[in-house]
Amino acid sequence: MATVLSLSGSPSATSRTARLLRHLDARLTAQGHEVIPLDVRTLPAAALLGADFSHPAIVRAKALVEQADGVVVGTPVYKAAYSGLLKSLLDLLPQYALTGKTVLPLATGGSVAHVLAIDYALRPVLSSMGAAHIVQGWFTLDKDITVEPDGGVSVAAGAAEALEQVVDQFSAALGHPRTTVLAAAS
Ligand SMILES: Cc1cc2nc3c(=O)[nH]c(=O)nc-3n(C[C@H](O)[C@H](O)[C@H](O)COP(=O)(O)O)c2cc1C
């Protein structure tokens with residue numbers, strides 16, 4: 001049983017990324033984890049854009065990251081990378097905010113041309129923040145995510161299977177946290 005922060009970095013009010021994450025949150029909850037959802041777009045824009053480290057909402061977001069054993073980081077692909085909104089929050093967290101944490105990177109996008117955006121853009125940022133274990137991520141095409149009338153989503157068969165697999169790998173990794181041992185400089 002672990003605590004998971006499920007972070008969506010889409011600025012859209014009708015975000016497929018956020019809905020996909022909430023859909024996957026249910027799978028993690030069913031596996032016994034406590035999942036805390038956080039849509040970065042709900043944080044005050046002035047605090048994010050003005051780098052207001054001491055704003056109560058930013059302090060709370062930082063505390064949620066600190067308390068989590070694992071973090072799901074979801075983003076739409078914007079201009080071949082992660083969203084600026086996601087980066088605006090990551091920039092306000094401590095340099096090593098992800099130390100000791102297991103991280104699942106997820107992206108949604110409109111083109112398979114950017115299927116590797118997680119690996120060339122997002123993963124290096126997460127790694128620089130000290131993530132102990134960044135499990136295999138997954139890029140889902142927006143056309144494979146259908147918004148249902150109740151606000152939930154259904155995911156096309158092939159993509160759904162792949163997502164379930166990476167979520168289950170993340171869940172299993174949460175049970176076996178890795179620790180990073182830094183050798184003291186001699
Ligand atoms: C400003 C903007 C830039 C985008 N740039 C890309 C891109 O470079 N590559 C891509 O595959 N999709 C791109 N897309 C498509 C989105 O990544 C895709 O529709 C995604 O699922 C949107 O997620 P959301 O509904 O959570 O915001 C872009 C969309 C927008 C609005």
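1. How many residues apart in helix 5 are Arg123 and Asp119? They are four residues apart, so about one helical turn separates them. Helices here are DSSP runs of H or I with at least four residues, strands are E runs of at least two, and both are numbered from the N terminus. The pair forms a salt bridge, with the closest N and O atoms 2.9 Å apart. The term salt bridge means a side-chain nitrogen of Lys or Arg within 4 Å of a carboxyl oxygen of Asp or Glu. Arg123 is partly exposed at 23% relative accessibility. Asp119 is also partly exposed, at 41%. Buried means under 20% relative accessible area, exposed means over 50%, and partly exposed lies in between (1.4 Å probe, protein chains only).

2. On the model itself. This is a predicted model, in which local features need pLDDT of at least 70 and side-chain atom pairs count only at pLDDT 80 or more, while totals for chains, interfaces and linings use all residues. Residues are numbered from 1 along each chain as its sequence is written, and side-chain values use heavy atoms, with hydrogens and water left out.

3. Salt bridges, continued. A search of the whole structure finds six. Side chains of opposite charge can pair when their charged atoms come close. In helix 1 (residues 16–30), Arg22 and Asp25 sit three residues apart, about one turn of the helix. Their side chains meet in a salt bridge at 2.7 Å, N to O. Arg22 is partly exposed, at 24% relative accessibility. Asp25 is buried, at 8%.

4. Lys87 and Asp91 form another salt bridge, with 2.8 Å between the closest N and O atoms. Lys87 has 26% relative accessibility and counts as partly exposed. Asp91 has 44% and counts as partly exposed.

5. The cavity. Rolling a probe the size of a water molecule over the atoms shows where empty space is left. How many cavities of 30 Å³ or more does the structure hold? One. The largest cavity has a volume of about 40 Å³. A cavity is a set of points, on a 1 Å grid over the protein atoms alone, where a 1.4 Å probe fits but cannot get out; lining residues have an atom within 4 Å of a point. Grid points are joined across faces, edges and corners, and the volume is the space filled by probe spheres set on the points.

6. The lining. Leu7, Val65, Val71, Val73, Leu90, Leu93, Leu98, Leu126 and Met129 line the largest cavity. By class, the lining has nine nonpolar residues, no polar and no charged. The classes: Ala, Val, Leu, Ile, Met, Phe, Trp, Tyr, Cys and Pro are nonpolar; Asp, Glu, Lys and Arg are charged; the others, Gly among them, are polar.

7. The surface patch. Val112, Val115, Leu116 and Tyr120 make a nonpolar surface patch of about 390 Å². Patch residues have over 30% relative accessible area and no salt bridge; nonpolar side chains (Val, Leu, Ile, Met, Phe, Trp, Tyr) are joined within 5 Å, like charges within 9 Å. Areas come from the Shrake-Rupley method with a 1.4 Å probe, and for residues only the protein chains shown count as cover. Tyr120 belongs to helix 5 (residues 117–128). Tyr120 is partly exposed, with a relative accessible area of 44%.

8. Backbone check. Ala51 is not a glycine, yet has a positive phi of about 50°. Ala51 is placed in the loop between helix 2 (45–49) and helix 3 (56–67). Its relative accessibility is 39%, partly exposed. Ala80 has a positive phi too, near 70°, and is likewise a residue other than glycine. Ala80 is placed in the loop between strand 3 (70–76) and helix 4 (84–90). Ala80 is partly exposed at 24%.

9. Around helix 2. Gly50 is in the loop between helix 2 and helix 3. Is Gly50 buried or exposed? Exposed, with a relative accessible area of 53%. Leu48 lies in helix 2. Leu48 is buried, at 7% relative accessibility.

10. Separations. Gly50 and Val65 are 15 residues apart along the chain, with 20 Å between their C-alpha atoms. Val65 is one of the cavity-lining residues. Leu48 and Ala80 are 32 residues apart in sequence and 22 Å apart in space, C-alpha to C-alpha.

Note on methods: 1 Å grid on protein atoms, 1.4 Å probe; cavity = no way out; pocket = protein on both sides within 12 Å on 5 of 7 lines; lining within 4 Å.
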